[in-house]
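Dear colleague,

Please find below the structure that I am handing over to you. My findings follow it.

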Amino acid sequence: MFLKKLYTTPSDLFEPIDFIDGVNFIFGKKDAADDPKKSLNGIGKSTVLDLVDFCLLSSFQKNHATRLYAALDILRDYEISLEFELDGD
């Protein structure tokens with residue numbers, strides 16, 4: 001079984017994330033015009049991992065998924081989905 005994609009419905013929360021076979025790296029990129037700080041903190045790298053964990057039936061409690069729980073008002077109107085491939089399907 002391979003993780004192929006992470007996406008939301010409706011699709012305007014973030015661009016769908018496609019995964020490739022093998023090791024996938026999560027890294028960030030900022031547009032200097034949007035945020036002049038050099039730090040890549042707070043752009044969502046860890047949140048992507050939290051969303052994958054959540055979709056794999058993680059606990060959604062304040063003390064376990066703190067970033068997602070803090071974003072409950074934002075996430076309330078979205079479905080978060082993982083797409084898998086198994087034997088080519």
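Predicted model: local features only at pLDDT ≥ 70, side-chain atom pairs only at ≥ 80, totals over all residues.

Does Lys 5 count as buried, exposed or partly exposed, and what is its relative accessibility? Lys 5 counts as partly exposed, because its relative accessibility is 25%; buried means under 20% relative accessible area, exposed over 50%, and partly exposed in between, with a 1.4 Å probe and protein chains only.

Residues are numbered from 1 along each chain as its sequence is written, and side-chain values use heavy atoms, with hydrogens and water left out.

The protein chain has three helices and three strands, and from the N terminus on its elements run β-β-α-α-α-β. Helices (H or I, at least four residues) and strands (E, at least two) are DSSP runs, numbered from the N terminus. Of the 89 residues of the chain, 19% count as buried. Its accessible surface comes to about 7100 Å², and 54% of this belongs to carbon and sulfur atoms; such areas come from the Shrake-Rupley method with a 1.4 Å probe, and for residues only the protein chains shown count as cover. Among contacts (heavy atoms within 4.5 Å) between residues at least 6 apart in sequence, 49% join residues at least 24 apart.

The structure holds five salt bridges, a salt bridge being a side-chain nitrogen of Lys or Arg within 4 Å of a carboxyl oxygen of Asp or Glu. One of them joins Glu 85 to Lys 4, with the closest N and O atoms 3.5 Å apart. Glu 85 lies in strand β3 and Lys 4 in strand β1 (residues 2-9), so this pair ties together parts that are 81 residues apart in sequence. Glu 85 is partly exposed at a relative accessible area of 25%, and Lys 4 is partly exposed at 23%. Lys 4 and Glu 85 are also linked with Asp 21 in a network of salt bridges.

Further details concern Glu 85. Strand β3 spans residues 79-85. Leaving aside neighbours within four places in sequence, Glu 85 is in contact with Met 1, Phe 2 and Lys 4. Glu 85 and Leu 3 are 82 residues apart in sequence, yet 6.5 Å apart in space, C-alpha to C-alpha.

Lys 5, with which I began, forms a salt bridge with Asp 18, the closest N and O atoms being 3.8 Å apart. Asp 18 lies in strand β2 and Lys 5 in strand β1, so the pair ties together parts 13 residues apart in sequence. Asp 18 is exposed, with a relative accessible area of 54%. Another salt bridge joins the side chains of Asp 73 and Arg 76 (3.4 Å, N to O), and both of these residues are exposed.

Lastly, the largest pocket has a volume of about 740 Å³. Of the 23 residues that line it, the closest to its centre are Ile 17, Ile 43, Gly 44, Lys 45 and Val 48. On a 1 Å grid over the protein atoms alone, a pocket is an open set of points where a 1.4 Å probe fits, with protein on both sides within 12 Å along at least five of seven lines; lining residues have an atom within 4 Å of a point. Grid points are joined across faces, edges and corners, and the volume is the space filled by probe spheres set on the points. The largest share of the lining, four residues, comes from α1.

Yours sincerely
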